[in-house]
2 protein chains.
Amino acid sequence: MLNEKNVQLGKVRSSIRELFEYGKKRKAEIGEENVFDFSLGNPSVPAPPEVGAALKDIVENTDPVLLHGYTSAQGDFSVRKTLADYINSRFGLSLTADCLYMTCGAAASVSIVLNAILNDGEEVITFAPYFPEYKVFTENAGGKLTALKSGKGFLPDLDLLAKSLNPKVRAVLINSPNNPSGVVYPPDIISRLAAVLDEHFNKTGNRVFLISDEPYRELVYDNNTEVPFIMNYYAHSMVCYSYSKSLSLPGERIGYIAVNNAMENYGDVYAGICGAGRALGYVCAPSLFQQLVKRVYNKTSDISVYKRNRDRLLNALESYGYEVVKPDGAFYMFVKSLEPDAKAFAERAKEYELLIVAGDDFGAGGYARISYCVSPEMIERSLPAFKALADSYKTER
Amino acid sequence: MLNEKNVQLGKVRSSIRELFEYGKKRKAEIGEENVFDFSLGNPSVPAPPEVGAALKDIVENTDPVLLHGYTSAQGDFSVRKTLADYINSRFGLSLTADCLYMTCGAAASVSIVLNAILNDGEEVITFAPYFPEYKVFTENAGGKLTALKSGKGFLPDLDLLAKSLNPKVRAVLINSPNNPSGVVYPPDIISRLAAVLDEHFNKTGNRVFLISDEPYRELVYDNNTEVPFIMNYYAHSMVCYSYSKSLSLPGERIGYIAVNNAMENYGDVYAGICGAGRALGYVCAPSLFQQLVKRVYNKTSDISVYKRNRDRLLNALESYGYEVVKPDGAFYMFVKSLEPDAKAFAERAKEYELLIVAGDDFGAGGYARISYCVSPEMIERSLPAFKALADSYKTER
């Protein structure tokens, strides 16, 4: 009598949510300050001050009928124009307002794009570790997600990609800076990835889209870390962006899809996105927040806390004997489990009041995710627990 | 290479949008004041003053990390609790916070509910005239929409419903006050509708949900007009609500789904809704607007203008010889076409600069929709045009 797949999806909490709920209970039991909760990717730094000021100004000085009215389904034209111009000036492109489609955040962006391009039984390839909802969105659009094992340093294994391409593959979906590894895919990887897709097209005539889900684009911590913009590498590309992390607005659901107008069938792809957004019930992105991003599109929350957290935690964990790939961006660190089963490792971490997420759900058993979007004070307080956890394994040997 | 269905959906503008775009062009040609645009259902009265005040206060006095952070996927608990309590006090029910699921407006609500209950090939029944997107949402969820012809006064024909029920039918979807007719389904219709569904269940064991899409609930114009609350008539019922029209916030995308906890499988239905919302990419409803409706849930925009418009237009049109079913709610009037083909009628109306929508897309040829959410001044200016349009048909006879 119901759609069982969605009922199950609603019943089974993700392991992240599960852990977060456990943390809430545990904090009530032993005190907030004694639980080291690294479970959620919820920004811990406030929106930049320009956000609050702009919101108040917009509400105060805009005719409410205009401000709160429907925008066109793609989003307000002047908002899209402003963002397209900004992308063009930053990355040397020639996007128009009609390359952008405003959305309720990156999850909506990815869901809409997949519904625009997939037919039943078609395939999307991503690289493990990957954000678990990709599977949910792909399957809801009638497709199948294939997660390829990573190469060294959690970077895509491009030989494996080349072998995995087949006529059913419609898209490769990447996420850099990556959740959960924090790794940034460097320019040479993107460039070689594009070459693999082009070669596949030349050989088979099957044109595979490259989709970049990049809510963490602005969250990189070293001056020499470049997050390559995929449209400069591959014509059949789309970017799913969100202001959730850059402006610390995850609950407000505002982002966009950008379609590269250098691709052959750009008009049809954009129409497919408009159609998919309509079919899923997204009428338009929240209008007040469209106006907001028009004003503060080039601002970023103060991410220096994340950098400080990363450096402190990375140094400490390595000194305790943990193996970690240095994360260049996002606010996640993927630490190697101290026993083969990462779920058992995460369970043992709980005994030290450390809440970290086993990598299994990200398609990468043997690792655990630490979300360091927390206060530096909590990082300090948690260090003895991380040390004790590592020591507990040493004692055993 | 693409999902053709969604590409077509994105390419074909609805006839409403088409007419609206024509109107924009025409206004540029002959002046805004000379075009009588009754095409769109966009609220013309501002949000109540409490909305702007509350928005500013919330932004000014809430920690931005909390305010703009993720809420739970169902929506903030205290918001859901407040709204459930309000529904209970108003309609004498016992809903809990966990009967409510906050959404990005009524379109999202309907889309999510249909994805929660439908499997491929299953059927949803609605009554013509009906909101055209119901077909889009139903088909995207894998189902088929059947629109039954109305009975007298655009009310559901319940004998026809009884004959149309079959084992594939999962839900009956109603919309009252109705877009496009403005008709309110009275209590005896809802009560008989519930009886038909119960009888079908008793005979066949097939339990059909009753879903009420009611963004226009607060827009009724006479004291004795009651909009029955379906949960008081039928246990297996769900309400899709939106603040788009009651608070004039259509662009902000905020509403909810309420699930009747009197139904047998309430827990599974609610889980299905959570799962469907997740699968479609709705992470949570916009958090600022969740907090807003928590404060102003019992306010309504000043709808006296709509009532004045309705009365003036109805009297005038009837005096010119038009046939109209008096609308008790919403801000639409469904006028009988003066020739058999409503599309030709709407085309001829354009010659008088009147923009009205042929009923064909609403599943009711032979009629046209007039959206009277416009300024009273425009109504006055438009009357000679409506008279001339009617006279043009008289001359012909």
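This is a predicted model: local features need pLDDT of at least 70, side-chain atom pairs count only at pLDDT 80 or more; totals for chains, interfaces and linings use all residues.
1. Residues are numbered from 1 along each chain as its sequence is written, and chains are lettered from A in the order in which they are written. Local features need pLDDT of at least 70 and side-chain atom pairs pLDDT 80 or more, whereas totals for chains, interfaces and linings use all residues.

2. In chain A, helix α3 (residues 49–61) packs against helix α11 (residues 287–296) at an angle of about 125 degrees, with the axes 10 Å apart. Helices here are DSSP runs (H or I, at least four residues), and axes are lines fitted to C-alpha atoms over the stretch in contact, with angles from 0 to 180 degrees between N-to-C directions.

3. The contact (C-beta atoms, placed from the backbone, within 7 Å) involves A:Glu50, A:Val51, A:Ala54, A:Leu55 and A:Ile58 of α3(A) and A:Leu288, A:Gln291, A:Leu292, A:Arg295 and A:Val296 of α11(A).

4. B:Ile273 touches A:Gly10 as well as B:Tyr101, B:Ile112, B:Val113, B:Ala116, B:Ile257 and B:Val259, with residues up to four places away in sequence left out.

5. Between the chains, 64 residues of chain B meet 64 residues of chain A. Helices supplying at least two residues each on the chain B side include α1 (4–11), α6 (105–117) and α10 (266–280). The largest share of that side, 11 residues, comes from α10(B).

Note on methods:
Two residues are in contact if their C-beta atoms, placed from the backbone, lie within 7 Å.
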